[in-house]
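Open the model in your viewer and keep the sequence panel beside it. This tour says what to select at each stop and what is there.

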Amino acid sequence: MAKAQDALGRFRLEPKSGFGFPWAELVGPDGVIAGFGRFSAINLFLLRGQRIVLSDGRSWRLKGVPWQRFVCPILFDADGRKLATTAPGHGAYAVTCRDRGFSLIPAEKRSGRPRLWELIEFGEPVARVRRNPYEAEVVVSIPLPALTISFALAAFGVMGEKDLAIGTSWAAPQSG
(Lines give C-alpha, C1' and ligand atoms only; values in the text may rest on other atoms or scores of the structure.)
Protein backbone atom coordinates (compact mmCIF):
# COMPACT_ATOMS: atom_id res chain seq x y z
CA MET A 1 0.00 0.00 0.00
CA ALA A 2 1.43 3.38 -0.99
CA LYS A 3 1.90 5.98 1.74
CA ALA A 4 0.51 9.49 1.26
CA GLN A 5 4.08 10.72 0.78
CA ASP A 6 4.86 8.22 -2.00
CA ALA A 7 5.10 9.04 -5.70
CA LEU A 8 3.81 6.90 -8.55
CA GLY A 9 2.93 8.00 -12.09
CA ARG A 10 3.83 11.09 -14.17
CA PHE A 11 5.17 14.22 -12.47
CA ARG A 12 6.30 17.60 -13.77
CA LEU A 13 7.53 20.89 -12.37
CA GLU A 14 5.37 23.59 -13.95
CA PRO A 15 6.96 27.06 -13.79
CA LYS A 16 4.70 29.84 -12.50
CA SER A 17 4.83 33.32 -13.96
CA GLY A 18 6.19 36.29 -12.04
CA PHE A 19 8.44 36.57 -9.02
CA GLY A 20 8.03 35.21 -5.54
CA PHE A 21 6.98 31.84 -4.22
CA PRO A 22 6.25 29.39 -5.74
CA TRP A 23 8.64 29.49 -8.66
CA ALA A 24 7.11 26.20 -9.86
CA GLU A 25 4.54 23.63 -8.78
CA LEU A 26 5.12 19.89 -8.69
CA VAL A 27 2.09 18.38 -10.42
CA GLY A 28 1.34 14.66 -10.27
CA PRO A 29 -1.50 12.34 -11.23
CA ASP A 30 -3.72 13.76 -8.47
CA GLY A 31 -2.93 17.45 -9.03
CA VAL A 32 -0.57 19.90 -7.31
CA ILE A 33 1.68 18.20 -4.76
CA ALA A 34 4.03 21.02 -3.76
CA GLY A 35 5.25 24.52 -4.49
CA PHE A 36 8.98 24.89 -5.16
CA GLY A 37 11.21 27.91 -4.59
CA ARG A 38 13.51 29.05 -7.38
CA PHE A 39 15.77 26.27 -8.73
CA SER A 40 19.28 27.68 -8.55
CA ALA A 41 22.71 26.25 -7.73
CA ILE A 42 23.51 29.43 -5.78
CA ASN A 43 20.37 29.03 -3.62
CA LEU A 44 20.97 25.33 -3.14
CA PHE A 45 24.70 25.27 -2.39
CA LEU A 46 25.57 28.74 -1.08
CA LEU A 47 22.45 30.36 0.39
CA ARG A 48 19.53 29.18 2.55
CA GLY A 49 18.48 26.38 0.21
CA GLN A 50 15.34 25.77 -1.78
CA ARG A 51 11.99 26.09 -0.04
CA ILE A 52 9.35 23.45 -0.77
CA VAL A 53 5.81 23.64 0.60
CA LEU A 54 3.62 20.56 0.23
CA SER A 55 -0.07 20.90 -0.59
CA ASP A 56 -0.92 19.81 2.99
CA GLY A 57 1.06 22.78 4.37
CA ARG A 58 4.19 20.93 5.48
CA SER A 59 7.45 22.69 4.66
CA TRP A 60 10.69 21.14 3.44
CA ARG A 61 14.07 22.69 2.65
CA LEU A 62 16.59 21.37 0.11
CA LYS A 63 20.07 22.52 1.12
CA GLY A 64 23.68 21.86 0.23
CA VAL A 65 25.54 20.34 3.17
CA PRO A 66 29.34 19.83 3.33
CA TRP A 67 30.41 16.19 3.32
CA GLN A 68 34.13 15.43 3.04
CA ARG A 69 35.29 17.65 0.15
CA PHE A 70 31.83 17.87 -1.48
CA VAL A 71 28.65 19.85 -0.90
CA CYS A 72 25.71 17.43 -1.29
CA PRO A 73 22.00 18.24 -1.57
CA ILE A 74 20.04 17.04 1.46
CA LEU A 75 16.28 17.38 1.99
CA PHE A 76 15.09 18.37 5.49
CA ASP A 77 11.64 18.62 7.03
CA ALA A 78 10.51 21.68 9.03
CA ASP A 79 12.07 20.25 12.22
CA GLY A 80 15.47 19.75 10.60
CA ARG A 81 15.19 15.97 10.23
CA LYS A 82 16.74 14.47 7.09
CA LEU A 83 14.24 13.10 4.60
CA ALA A 84 16.72 12.28 1.81
CA THR A 85 20.51 12.45 1.53
CA THR A 86 22.88 12.21 -1.43
CA ALA A 87 26.47 11.26 -2.14
CA PRO A 88 28.52 11.46 -5.34
CA GLY A 89 30.02 8.61 -7.30
CA HIS A 90 31.61 8.20 -10.73
CA GLY A 91 28.90 9.61 -12.98
CA ALA A 92 26.14 8.58 -10.58
CA TYR A 93 24.66 9.55 -7.22
CA ALA A 94 23.47 7.67 -4.17
CA VAL A 95 20.06 8.77 -2.88
CA THR A 96 19.08 7.53 0.56
CA CYS A 97 15.71 8.00 2.22
CA ARG A 98 14.69 6.79 5.67
CA ASP A 99 14.13 3.16 4.70
CA ARG A 100 15.15 2.94 1.02
CA GLY A 101 18.23 3.54 -1.09
CA PHE A 102 18.61 4.36 -4.78
CA SER A 103 21.19 5.19 -7.43
CA LEU A 104 20.59 8.01 -9.89
CA ILE A 105 22.46 7.34 -13.14
CA PRO A 106 22.56 9.08 -16.52
CA ALA A 107 20.24 7.44 -19.06
CA GLU A 108 21.85 9.15 -22.06
CA LYS A 109 25.29 9.98 -23.35
CA ARG A 110 25.80 13.55 -24.46
CA SER A 111 28.31 16.33 -24.08
CA GLY A 112 27.65 18.38 -20.99
CA ARG A 113 25.20 17.46 -18.27
CA PRO A 114 22.75 14.65 -19.17
CA ARG A 115 19.09 15.62 -19.42
CA LEU A 116 17.70 12.13 -18.83
CA TRP A 117 18.41 10.08 -15.69
CA GLU A 118 17.24 6.75 -14.23
CA LEU A 119 16.54 6.15 -10.57
CA ILE A 120 17.54 2.57 -9.75
CA GLU A 121 16.66 0.41 -6.74
CA PHE A 122 18.29 -3.02 -6.37
CA GLY A 123 19.41 -2.91 -10.01
CA GLU A 124 15.90 -2.22 -11.35
CA PRO A 125 14.75 1.12 -12.79
CA VAL A 126 11.96 2.68 -10.72
CA ALA A 127 11.80 6.13 -12.36
CA ARG A 128 13.07 8.20 -15.29
CA VAL A 129 13.83 11.82 -14.44
CA ARG A 130 14.27 14.55 -17.05
CA ARG A 131 15.50 18.10 -16.72
CA ASN A 132 14.58 20.90 -19.17
CA PRO A 133 11.66 20.36 -18.90
CA TYR A 134 11.52 18.85 -15.41
CA GLU A 135 9.47 15.66 -15.70
CA ALA A 136 9.49 12.19 -14.16
CA GLU A 137 7.84 8.89 -14.92
CA VAL A 138 7.74 6.80 -11.74
CA VAL A 139 6.89 3.13 -12.46
CA VAL A 140 7.38 1.74 -8.92
CA SER A 141 6.13 3.67 -5.89
CA ILE A 142 8.99 5.66 -4.33
CA PRO A 143 9.19 8.17 -1.47
CA LEU A 144 8.39 11.72 -2.58
CA PRO A 145 11.69 12.96 -1.05
CA ALA A 146 13.61 10.65 -3.45
CA LEU A 147 11.82 12.16 -6.44
CA THR A 148 12.29 15.71 -5.15
CA ILE A 149 16.02 15.33 -4.61
CA SER A 150 16.41 13.55 -7.98
CA PHE A 151 15.25 16.72 -9.76
CA ALA A 152 17.96 18.72 -7.95
CA LEU A 153 20.68 16.15 -8.71
CA ALA A 154 19.68 16.00 -12.38
CA ALA A 155 19.90 19.79 -12.58
CA PHE A 156 22.96 20.58 -10.44
CA GLY A 157 24.65 17.40 -9.21
CA VAL A 158 26.97 17.66 -6.22
CA MET A 159 29.34 20.58 -5.72
CA GLY A 160 32.92 19.32 -6.09
CA GLU A 161 32.03 16.15 -8.02
CA LYS A 162 34.34 17.07 -10.91
CA ASP A 163 37.22 16.06 -8.60
CA LEU A 164 36.07 12.45 -8.95
CA ALA A 165 36.61 12.50 -12.70
CA ILE A 166 39.97 14.31 -12.68
CA GLY A 167 42.95 12.42 -11.35
CA THR A 168 41.07 10.10 -9.03
CA SER A 169 41.26 6.36 -9.46
CA TRP A 170 39.37 3.85 -7.38
CA ALA A 171 41.39 0.95 -8.84
CA ALA A 172 43.92 -0.89 -6.69
CA PRO A 173 47.49 0.34 -7.15
CA GLN A 174 49.52 -1.74 -9.61
CA SER A 175 52.93 -2.97 -8.52
CA GLY A 176 55.55 -2.74 -11.12
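Helices (H or I, at least four residues) and strands (E, at least two) are DSSP runs, numbered from the N terminus. This is a predicted model, in which local features need pLDDT of at least 70 and side-chain atom pairs count only at pLDDT 80 or more, while totals for chains, interfaces and linings use all residues. Residues are numbered from 1 along each chain as its sequence is written, and side-chain values use heavy atoms, with hydrogens and water left out.

**Stop 1: the whole chain**

Color by secondary structure. The chain has 3 helices and 12 strands. Buried residues make up 44% of its 176 residues. Buried means under 20% relative accessible area, exposed over 50%, and partly exposed in between (1.4 Å probe, protein chains only). Of the contacts with a separation of 6 or more, 37% are between residues 24 or more positions apart. A contact means heavy atoms within 4.5 Å.

**Stop 2: the barrel**

Select the strands. The 12 strands form a closed barrel, in the order β1-β2-β3-β4-β5-β6-β7-β8-β9-β10-β11-β12, with antiparallel pairing. Neighbouring strands of this sheet are turned by 25 degrees against each other on average, direction ignored. Axes here are lines fitted to C-alpha atoms, for helices over the stretch in contact, and angles run from 0 to 180 degrees between N-to-C directions. Two strands pair if DSSP finds at least two bridges between them. Strands of a sheet pair through backbone hydrogen bonds, either parallel or antiparallel.

Now select residues 124-130 and 135-143. These are β11 and β12, antiparallel and joined by 4 bridges. R130 stands opposite E135 of β12.

**Stop 3: the helix on the sheet**

Select residues 144-156. This is helix α2, which packs on the sheet. Helix α2 touches β1 (6-15), β6 (70-77) and β10 (116-121), among others. Its direction makes about 145 degrees with that of β12.

**Stop 4: the core**

Which residues have the most contacts inside the largest nonpolar core? Select L26, F39, I142, L147 and F151. The core has 46 residues, and its largest share, 9 residues, comes from α2. A nonpolar core is a set of buried Ala, Val, Leu, Ile, Met, Phe, Trp, Tyr and Cys residues joined through side-chain atoms within 4.5 Å.

Center on I142. Leaving aside neighbours within four places in sequence, I142 is in contact with Q5, D6, A7, R100, F102, L119, V126, A127 and L147.

**Stop 5**

Select C72 and C97. C72 has 1% relative accessibility and so counts as buried. C97 is buried too, with a relative accessible area of 8%. The count of disulfides is 0, where a disulfide is a pair of cysteine sulfur atoms within 2.5 Å.

**Stop 6: β2 and β3**

Select residues 24-28 and 31-36, which are β2 and β3. They form a hairpin with 2 residues between them. The two strands run antiparallel, joined by 5 bridges. V27 stands opposite V32 in β3.

Pick E25, in β2. The side chains of E25 and K16 are joined by a polar contact of 3.5 Å. A polar contact is a pair of N or O atoms within 3.5 Å; within protein, one must be able to donate a hydrogen and the other to accept it, and residues adjacent in sequence count only if both atoms are side-chain atoms. Not counting residues up to four places away in sequence, E25 touches R12, L13, E14, K16, V32, A34 and G35.

**Stop 7: β4 and its partners**

Select residues 50-54, strand β4.

On one side, 3 bridges join β4 to β3, antiparallel. F36 stands opposite I52, and G35 stands opposite V53. β4 is also joined to β5 by 4 bridges, again antiparallel. There, V53 stands opposite S59.

**Stop 8: the β4-β5 turn**

β4 and β5 form a hairpin with 4 residues between them. Select G57 in the turn: its phi is positive, about 95 degrees.

End on R58, in the loop between β4 and β5. R58 has 36% relative accessibility, so it counts as partly exposed. Its side chain makes a polar contact of 2.8 Å with the side chain of D56. Leaving aside neighbours within four places in sequence, R58 is in contact with Q5, I52 and V53. Finally, draw a distance from R58 to A78: their C-alpha atoms are separated by 7.3 Å, and the two are 20 residues apart along the chain.
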